[in-house]
Amino acid sequence: ANPAGILGTGHCVPEQVWTNEYLETFLDTSDEWIRSRTGIGARHVAPEGVNTSDLATGAAKEALEMAGVSPEDLDLIIVCTLTPDKMLPSTACIVQANLGAVNAAAFDLEAACSGFAYGSIIASQMIENGMYDHILVIGAEVLTRVINWKDRSSCVLFGDGAGAAVIGRVPSGYGILSGAMGADGTGGDFLTIRSGIANPVTDARRADGSAYAVMDGREVYKFAVKAMPHAAELALQRAELEKKDIDVLVPHQANMRIIESAAKRLHVPMEKVYVNIEKYANTSGASIPIALDEAVRTGMVKRGDIVCLAGFGAGLTWASVVMKW
Ligand code: ACO
């Protein structure tokens with residue numbers, strides 16, 4: 001059977017944009033502070049009533065169109081998210097209904113910002129082993145609902161959006177060549193949203209901020225600059241490729257300095273790195289598939305290119321996918 005590869009990509013972001021200057025109107029921060037430390041200039045913010053499943057469905061439709069695959073042809077939908085619409089049912093089931101993907105199984109996957117890379121690896125395995133032909137992998141988030149808008153050290157970093165890819169069979173010699181995933185649960189407290197079954201959200205916990213995302217930025221930074229290149233190196237090794245073989249690096253868009261550091265460690269010049277953090281900020285699970293979709297649609301990714309996706313995130317988690325486009 002032919003190898004698994006990406007047949008089409010898409011993305012969807014809410015219309016509303018909050019610039020750094022807008023944040024200055026209610027937060028003790030500045031465009032200069034945010035830009036110089038992170039590279040972020042703005043973020044898209046979903047209004048009330050627009051949820052992860054809506055953005056996921058929008059991204060999915062674009063990806064299906066580019067792939068020339070109809071919803072009925074999908075065998076499985078994986079939604080990678082840390083901001084599901086509901087605890088039950090899964091966001092993937094909501095998307096399945098929205099699309100009319102009547103033949104698709106559906107489940108959510110939670111690996112934070114590494115989610116899309118985790119999901120793509122799982123999908124490629126299920127296609128390679130012959131079980132399925134078409135799998136839709138979506139990364140989608142409404143992070144602006146789970147961050148503490150009074151905590152300037154974290155809230156300025158995040159935004160909302162979704163990106164998707166249809167994975168199917170591609171000609172031999174192309175497609176997903178290898179993947180690497182990892183986790184270190186002992187670092188879970190460095191970036192956490194404690195709300196859940198063990199810690200129900202209360203008014204008191206909303207008021208003191210403990211219901212929302214809490215981050216130790218320095219610890220996450222230290223982890224990220226090692227984890228992203230580590231994941232990519234492992235995936236390259238498994239594909240019997242070298243750093244110099246990377247034509248396009250699509251990293252998780254968390255912080256410009258982290259991206260530059262990872263690119264340097266991988267000896268990839270910045271012209272070969274797709275960066276859109278300026279306009280979207282960090283959209284967690286959506287960040288890599290949004291960036292990949294833009295890199296494809298702008299023509300930066302060309303047929304035959306070696307494309308490396310690399311991410312890190314809460315968990316802690318990290319993952320990379322190497323493919324020949
Ligand atoms: N505006 C203005 N000042 C601020 C802001 C802000 N938004 N936030 C913090 N400050 C202040 C702090 O209070 C501190 O002031 P002090 O020195 O008087 O105490 C000062 O700026 C410096 O703060 P630091 O935390 O030391 O700044 P640092 O250089 O470490 O940068 C940052 C912070 C940008 C958060 C950095 O640590 C980082 O990017 N870490 C990684 C974060 C990340 O990637 N998270 C998500 C990854 S996982 C996922 O994507 C889900």
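Modeller: Happy to; we can go from the annotated sites to the strands, the core and the ligand shell.
This is a predicted model, in which local features need pLDDT of at least 70, side-chain atom pairs count only at pLDDT 80 or more, and totals for chains, interfaces and linings use all residues. Residues are numbered from 1 along each chain as its sequence is written.

Biologist: Which residues does the UniProt "active site" annotation cover?

Modeller: In the unreviewed entry, that annotation covers C113, H252 and N282. UniProt positions are given in the numbering used here, feature names are shortened, and annotations may be inferred rather than shown by experiment.

Biologist: What makes them gather at one spot?

Modeller: They span 170 residues in sequence, yet no two of their C-alpha atoms are more than 8.9 Å apart, so they gather at one spot.

Biologist: Why is H252 called buried?

Modeller: A residue is buried if 20 or more other C-beta atoms lie within 10 Å of its own, exposed if 12 or fewer, and partly exposed in between, with C-beta atoms placed from the backbone. H252 has 32 other C-beta atoms within 10 Å, so H252 is buried. N282 has 22 C-beta neighbours inside 10 Å, and therefore N282 counts as buried too.

Biologist: What is H252 in contact with?

Modeller: Two residues are in contact if their C-beta atoms, placed from the backbone, lie within 7 Å. Leaving aside neighbours within four places in sequence, the contacts of H252 include C113, M228 and S287.

Biologist: S287 turns up in both lists; what makes α11 a mostly covered helix?

Modeller: Ten of the eleven residues of α11 (residues 287-297) are buried, S287 among them. After α11 comes G299, with a positive phi near 85°.

Biologist: How do you know that β12 pairs with β11 and β13?

Modeller: Two strands pair if DSSP finds at least two bridges between them. Four bridges join β11 (residues 248-251) to β12 in parallel, while β12 and β13 (residues 317-324) share eight bridges in the antiparallel sense. V307 of β12 is the bridge partner of V248 and stands opposite M323 in β13. Seven of the eight residues of β12 (residues 306-313) are buried.

Biologist: What counts as the largest nonpolar core?

Modeller: A nonpolar core is a set of buried Ala, Val, Leu, Ile, Met, Phe, Trp, Tyr and Cys residues joined through C-beta atoms within 7 Å. The largest has 116 residues, and I77, I78, V137 and I138 have the most contacts inside it. Helix α8 supplies the largest share of this core, ten residues.

Biologist: And which residues come nearest to the ligand?

Modeller: Among the 24 residues around the ligand, T29, R152, G217, Y221 and A254 come nearest. A residue is near a molecule or strand if its C-beta atom, placed from the backbone, lies within 6 Å of it. With five residues, α8 gives the most to this shell.

Key
Helix = DSSP H or I, 4+ residues; strand = E, 2+ residues; numbered from the N terminus.
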